[in-house]
Amino acid sequence: MKPQECINAIKSGEMNENFKAVYVTDEAVELQKERYIETIEEFISLFGDDRDIIVTSAPGRTEVCGNHTDHNNGKVLAASINLDAIAVCAISNENTVRVKSKGHAMNVVDITKLLPDESEFGRSTAMVRGVVSKIKDMGYKIGGFDAVTTSDVMGGSGLSSSAAFEVLLGTTVSYLFNDGKIDPVDIAKVAQYSENVFFGKPCGLLDQMASSVGTFVTIDFKSTENPVINKVAYDFSKSGHSLCIVDTGGNHSDLTEDYAAVRSEMESVAKAMGKNVLREIDFEDFKNAVPELTQKVNDRALLRAYHFYNENLRVEKAVNALENDDFDTFKEVILDSGKSSYMLNQNVYSPSNATEQKLSLALCVTEDLLKDKGAFRVHGGGFAGTIQAFVPNEILDTYKTEMEKIFGKGSCHVLIIRPVGGTRVL
């Protein structure tokens with residue numbers, strides 16, 4: 001379908017079912033139409049109206065349970081959300097990939113030159129090159145194409161805007177050149193490879209996997225080479241709750257040491273017991289070793305180890321609750337996860353700046369507003385940034401209003417769990 005034909009089809013309602021399969025509600029469908037039309041019009045202005053196009057989408061993600069467990073080969077429950085990155089794209093007759101993202105310069109990649117380039121580290125061009133390179137190495141078809149992208153996944157929010165962009169690129173190559181047959185798990189691995197090797201940023205597989213696979217997904221990182229990934233069959237739209245991510249506006253600067261300490265302290269416990277990561281040690285063996293470990297590692301490391309082991313158990317319990325349509329038990333697990341992150345993992349505020357506790361304040365106010373009717377916890381890496389809350393729909397407006405009085409207009413983002421991951425929409 002040519003770009004203008006696609007615009008006409010959107011305006012006429014012909015594409016409503018396509019949109020609804022991704023964005024769920026009629027209200028969301030109407031909101032997406034203008035965004036899609038604007039992006040297609042931008043494609044026309046840059047690349048013309050003479051080629052058939054497709055439109056692909058990849059969502060942001062939220063960590064639901066499993067806080068700071070993946071780096072010690074633990075278990076995580078994550079989910080895709082309705083905020084996403086979209087791409088309007090068409091095959092070209094050149095050996096060049098051109099990707100123009102809203103608000104950014106054009107990325108141009110020669111697909112005959114697909115080796116990592118340190119001068120591109122930290123730039124989105126490197127992500128494009130890395131995705132195309134890895135897909136080619138896996139034996140799939142590649143080719144030149146032009147794309148215009150836009151994203152409403154907020155950067156710095158813990159919703160993984162970079163993973164959404166990488167998965168979007170992999171999904172686009174899958175549908176343009178491989179009939180959409182590249183497995184979502186493989187696309188996630190492609191995205192991670194691109195970020196590690198071409199972009200120059202070490203990262204795990206959680207963000208990319210949740211974006212690519214979609215809906216609730218549980219990941220067991222016991223084998224980092226071959227993690228066990230399973231979708232969780234649960235229709236969040238029937239829960240009677242909305243997922244809120246509250247941006248507290250905390251300062252993310254100078255937190256690298258805080259993040260690194262969580263991992264290094266957990267690993268210090270493992271190394272004191274002759275292993276590399278906590279997952280290699282049985283929980284009971286760890287507990288039996290605590291008396292002697294107090295002489296080998298610091299106290300916080302032991303607390304964080306307790307958090308790790310019990311958080312893995314909570315992931316299992318949360319998955320079981322969702323699969324049995326028991327949302328009340330699920331909420332109890334989320335509350336326990338939040339308490340453990342606060343008390344044991346201690347990643348709700350930075351010890352180097354103990355008087356700045358915006359996450360703590362957000363959690364305190366949330367507890368008061370929900371009054372045992374919802375669930376809440378720190379979101380993502382912690383120390384600053386965002387909290388997560390599952391809010392009953394009947395008090396959603398009140399919750400949003402009261403949180404934004406404190407943290408600013410637009411700080412409370414009301415989300416839904418998206419039923420699909422990386423996909424072709426049009």
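**Ser 239.** I began with the side chain of Ser 239 in this predicted model, and I found that one of its polar atoms lies 2.8 Å from the backbone oxygen of Phe 236. I then looked up where Ser 239 sits, and its place is in the loop between β7 (228-231) and β8 (241-247). Ser 239 has a relative accessibility of 13%, so I noted it as buried, the cut-off for that word being under 20%. Leaving aside residues up to four places away in sequence, I listed Tyr 234 and Phe 327 as the residues that Ser 239 touches.

**Met 15.** Next I turned to the loop between α1 (3-12) and α2 (16-23), where Met 15 is found. Met 15 also counts as buried, because its relative accessibility is 9%. When I set aside residues up to four places away in sequence, I found that Met 15 touches Met 1, Ala 9, Ile 10 and Leu 426.

**Leu 46.** I then went to helix α3 (residues 26-47), which holds Leu 46.

**Confidence.** Last, I checked the pLDDT, which averages 91 over the chain, with 97% of the residues scoring at least 70. I wrote down that confidence is lowest in helix α7 (residues 206-213), at a mean of 84, and highest in helix α9 (residues 283-293), at 98.

Notes. Residues numbered from 1 in each chain as written. Predicted model: local features only at pLDDT ≥ 70, side-chain atom pairs only at ≥ 80, totals over all residues. Heavy atoms only, no water. Helix = DSSP H or I, 4+ residues; strand = E, 2+ residues; numbered from the N terminus. Buried < 20%, exposed > 50% of the residue type's maximum accessible area, 1.4 Å probe, protein only. Contact = heavy atoms within 4.5 Å. pLDDT = per-residue confidence, 0-100. Polar contact = N/O pair within 3.5 Å; in protein donor to acceptor, adjacent residues only side chain to side chain.
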